Amino acid sequence: MRQIVIATSNTGKFKEIRDVLADAFDRFYSLNDFDEKVLVEEDSPLYVENVIKKARKIGDRFGIETIADDSGLEVEALGGRPGVLSARYGDTDDERIARLLSELEGVEWKKRGAVFKAYLAFYIPEREVSYVFYGALSGYITFEKRGDQGFGYDPVFYVPEYDKAFAELTMEVKNSISHRGRALHAFSKFLNAVKK
Ligand code: IMP
């Protein structure tokens with residue numbers, strides 16, 4: 001039986017990742033399934049280092065293959081901020097969005113370009129090896145919030161291809177084009193290739 005820990009306690013993220021990997025694993029754990037909380041300090045300025053650290057620490061602790069993710073929003077006019085600090089740009093989603101919009105006050109549309117980046121690390125404790133997958137999606141930061149789906153920065157991230165903000169798309173559509181969706185797709189292709 002092949003097991004995997006999805007290193008998140010966010011149930012939405014857990015389901016999104018589990019759905020893509022449904023054929024490759026028999027048993028899925030989230031961090032909510034373990035009484036012990038493993039503390040991982042995401043203290044690197046690089047997503048890739050944080051995500052490898054997280055997957056390795058949790059994978060070694062529980063002795064189960066582990067997938068961890070780290071993502072961030074990089075806004076051109078802000079020199080790439082909030083970037084790796086996206087989760088710490090305020091205490092709540094509303095605060096983070098308010099800060100972003102206020103920093104972009106007076107910035108015209110064509111200078112509001114942004115990219116969502118996602119990194120996934122898949123760690124195999126038995127072999128002490130990590131594989132990293134990447135996905136990105138470019139868009140624009142809106143002038144005000146749009147839509148009520150999703151989470152995080154979804155209401156202010158506009159996707160030109162759909163003429164909608166992430167928060168105006170169904171979860172299915174968003175997951176099929178998002179930064180994390182793209183990284184997950186690469187991971188799933190890797191799993192299929194290795195199986196053969
Ligand atoms: P983390 O990778 O889950 O730590 O996410 C970093 C930050 O980016 C958090 O503030 C998330 O809310 C935000 N974020 C990550 N992915 C998305 C997304 O798909 N939509 C909106 N916000 C996101």
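In the predicted model, a polar backbone atom of serine 71 lies 2.6 Å from an oxygen atom of the ligand, a polar contact being a pair of N or O atoms within 3.5 Å. A polar backbone atom of tyrosine 153 is 3.0 Å from a nitrogen atom of the ligand, and a polar side-chain atom of aspartate 154 is 2.5 Å from a nitrogen atom of the ligand. On its own the ligand has 470 Å² of accessible area, of which the protein covers 89% (Shrake-Rupley method, 1.4 Å probe). The model is predicted, with local features requiring pLDDT of at least 70 and side-chain atom pairs pLDDT 80 or more, while totals for chains, interfaces and linings use all residues. Residues are numbered from 1 along each chain, and side-chain values use heavy atoms, without hydrogens and water.

Around the ligand there are 14 residues, of which Lys13, Ser71, Tyr153, Asp154 and Lys174 come nearest (a heavy atom within 4 Å). This shell comprises four nonpolar, four polar and six charged residues. Strand S3 (66-75) and helix H5 (179-195) each contribute at least two residues to the shell.

The ligand takes up the space of the largest pocket (more than half of its atoms within 2 Å of the grid points). The volume of the largest pocket is about 520 Å³. Its lining numbers 27 residues, with Lys13, Asp70, Ser71, Ala87 and Phe151 closest to the centre. S3 gives the most to this lining, five residues. By class, the lining has eight nonpolar, eight polar and 11 charged residues.

Conventions
Polar contact = N/O pair within 3.5 Å; in protein donor to acceptor, adjacent residues only side chain to side chain. 1 Å grid on protein atoms, 1.4 Å probe; cavity = no way out; pocket = protein on both sides within 12 Å on 5 of 7 lines; lining within 4 Å. Helix = DSSP H or I, 4+ residues; strand = E, 2+ residues; numbered from the N terminus. Nonpolar A, V, L, I, M, F, W, Y, C, P; charged D, E, K, R; others polar. Points joined across faces, edges and corners; volume = space filled by probe spheres on them.
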